[in-house]
Amino acid sequence: MGMRTILPILLLVGLLIGAVILDRPQPPADLTFINRGEVHSLDPQRMSWLQDFRIADALYEGLVNYDNDTFEIVPGVAETWSVSPDGLTYTFHLRENAKWSNGDTVTAQDFAYSWRRALFPDTVAGYADLFFKIKGGRAFFDWRAKQLQEFAVQAAGMDETARLRLAQQMLDEAQQRYEETVGVDPVDPRTLVVTLEVPTPYMLDLLAFGPFKPVHRPTVEPYLHLDAASGAFRQHYGWTKPPLLISNGPYVLTVWRYMRDLRMERNPYYWNSAAVKSDSVLCIAVEDANTAVLAYETGTIDWLSDVGVDYRADMLAQKQKYMDRNAVRYQELRDQGKSYNEAMEILARESPPQAGERNDIHAFAAYGTYFYNFNCQQTLNGGEFNPFKDARVRRAFARAVDKQAIVDRVTRMRQPVANVLIPPGSIAGFEGAKGIGYDPAKGRAELAEAGWEDRNGDGYIEDASGKPFPTVEILFPSVAEHKSIAQAIANMWERNLGVTCRLREEETKVQAAHLQEHDFMVSRGNWYGDYGDPTTFLDLDRTGNSNNDRNYSNPVFDELMDRADKELDPEKRMRILEEADAMMVNEEVPILPLYHQVTLYMYDPAKLRNVSTHPRLTQFLWEMEVVK
Amino acid sequence: MTAMLIRRLLQVPLILLVIYTVTFTLAWLLPGNPLEREGRRPDPAVQDAMKAQYNLDKPVTFYVSYLDQASGLAWLRGDSDKVFNLGPCLQYQDWSTNELIGGALPVSIVLGMVALVFALAIGLASGIVGAVRPGSWMDVATLLVALLGISLPSFVIGTALLIVFAVWLDFVHVAHWGSPRDLLLPALTLSLPFAAYIARLTRLGMLDVLQSDFIRTARAKGVSETRIVLRHALKVAFLPVLSYLGPAAAYVMTGSFVVEKVFNVPGLGQHFVNSVLNKDLFVIMGIVLTYSTMLVLFNLAVDVMYSWVDPRIELA
């Protein structure tokens, strides 16, 4: 063999050895899990995905926190706080021993700085509108946006140095304006006074939410620069990576590799470190639903936080078999006051699953609803006649959907059927309306009242002039599950109401864009609540809301919502919101709810402890514990 | 030879520019808004700010500035601290396209090389066996394996291998990456279609060569059959395989979406498919540019090797 053969082989072997040495696997962690998907951002002000918030809850701590079993507010960085009688001013007293993971003290200025970031349009914070509750927040955000437009005009023809000088000038001006007009005042390092635009009874709940968590200013600041083209400050993405990221919560970030893994270790400076159950948490990224289940089955992970495989309904049936066999004992344990998890743990010991049974898949109600949108505009986008502008037609179509059949036979997941948007029992003190159920006869009657009847006996409905009901076009994203549901609904409407339907399947992103443009007749929709107040759902129907895909607009409803915003008495406010809710789900029905979302977890009840089952379904990684 | 090499290398930027322009046009025309996300939609003012930040409202500005950053021109002028700046990631905003490719490409290359070695070993061996004893049961057997390798989709092979080796035999871990053992199953899955193709190429080439005059001469001189097959015939029969190796190498080393998904390999293939689904312009373009650079260079390398292996071939 000559050099010709040996050289490439040597090269190959060398490369392989090099790659393997460089690419060491992670050591095992106390808790290993698969998140709902890859984390998009670890910058609390810019995150908007559930999986991001799950990690944020482990890395950062806000002024207050919620107990994820009861959803009551408990102290976080703030030890105590007080609210003024008019509900507009909150004074927070920060604890002395709240520390960043580098030992710095967490101060009121840290919060003021982080929230200011969110209210600068430059940061493009996805949840900036939550900060509009703060006095002057909205006005400032709009003012700065306008100032940046002004920059484009003024800076035209300037060279780069002059542009940067102008941008800096404007930024200084904006910062000064912010200090003067926005109601966030760090009185001293341990006192923060927050003034609100309107009394917001759920403000503390918001403050426990991801976007209100603080960032470490000295870490973030070096990554900002002024952009000569737009005059805005821009942020470079580097600071959220280990070991740079400084956090103030239970954990510090030690590894984060895109689409591979994310590892956190106990933050020694965290004031409440005694409450942190696991020393290390490893989150591995697994894209494929099958592989994720195999990873659980072979013991690679302790918790799978979303089961997406096609055979999940069969797995649920195996669980049901196990529960049926142990029904009496399970009820006995629950009657003794044991929680679901405690009961399952005892059952796992007393009666392990037999062949064809399983006890490690768990279906929990989530804080969300799967629904259909009716376009509520006067005409469709192309100027065509829109039958769904009429509430009677919307109600009729709602009555013609057999939701129980959908969850039993289409999704086969037995989700709780939804006649309302807000999952019942998820918000303390709120008693939602009943909504509209399955009643095709009444549906047909309402259609007739709206002028749609089968006048010529062909089985299809027409208006008084004999024109048939327009073909109902159903828009949905190109995903098998959504398609099956759309087919089932189209079939029910055709059969129960005498209309024709057409399916319009589109790639997910394309479909989302069409929703935003209100370019549809009927479409599939979905919503998860962000905070513990009915407005997180009801706001969807407000005129001009950025998530009002239906383009629904009703001055009476808007007025009710405005009234609720101004109402000081929390009891009275809830009554107003209940009225608004009833109007939407009993009368107006711009949204046709199908079922409340269920999230499927996989974990061994004898091994993983402290999984929350509250309908808000938030898991704190630092509370979870694997029993070895 | 050197002049040819220089000429070919000079063509590379031109080819890439064409690819970039076509990709940019297609990616820009893709329906859907890259900043649109499933679930909650930010306030319109926030959405406008997002668009403006990335020039998503100005195609020409986007085209020119991306080309400037990605080609290294900005770096040459001293306007960028990175030689090739492939831009931010729109969907996963804490990452840049450079970081993303930098993390995933080495994984795909290692996996691809192992797969290529497997493909060559399996393909050459079964091709030779088939050619030496055409029509024998061994020939039929290798033909069958090749047929399966070509026709079975890799998610079927991959899942089957996972169930046997990970679930039943507990030989490898599921969704685990980093140790040499983790390479075996995905590399094998990835190699099978290529192995099948190489086997057929080798068998045909061999059958042809074994009939030729110089082989008969060698046989007449009493050279051993093994030596004839491995030294004389294979050298000629390998040429079509070699020309196939160029694109094949580029293909296996830039990652396979399916294999990466099934075995949870953190390679480039997944990122590419996801970026298209997310309409993540910067990532789409960054990966296409990386991929095409590799493809062009591999083809060049194969041409060079060709003239090295077979001096009869004069490169033009």
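Is B:L184 buried, partly exposed or exposed? At 34% relative accessibility, B:L184 counts as partly exposed, because that class lies between buried (under 20% relative accessible area) and exposed (over 50%), with a 1.4 Å probe and protein chains only.

A word on the model. It is predicted: local features need pLDDT of at least 70, side-chain atom pairs count only at pLDDT 80 or more, and totals for chains, interfaces and linings use all residues. Residues are numbered from 1 along each chain as written, chains are lettered from A, and side-chain values use heavy atoms, without hydrogens and water.

Back to B:L184. It sits in helix α8 of chain B, residues 181-210. Helices here are DSSP runs of H or I, at least four residues, numbered from the N terminus.

Now the cavities. A cavity is a set of points on a 1 Å grid over the protein atoms alone, where a 1.4 Å probe fits but cannot get out; lining residues have an atom within 4 Å of a point. Volume is the space filled by probe spheres set on the points, which are joined across faces, edges and corners.

The structure holds seven cavities of 30 Å³ or more. B:L184 is in its lining, with others including B:L162, B:H173 and B:F263. Which helix gives the most to that lining? α8(B), with five residues.

By class, this lining has eight nonpolar residues (Ala, Val, Leu, Ile, Met, Phe, Trp, Tyr, Cys and Pro). Two are charged (Asp, Glu, Lys and Arg count), and two are polar, the class for the others, Gly among them.

Note on methods: Helix = DSSP H or I, 4+ residues; strand = E, 2+ residues; numbered from the N terminus. 1 Å grid on protein atoms, 1.4 Å probe; cavity = no way out; pocket = protein on both sides within 12 Å on 5 of 7 lines; lining within 4 Å.
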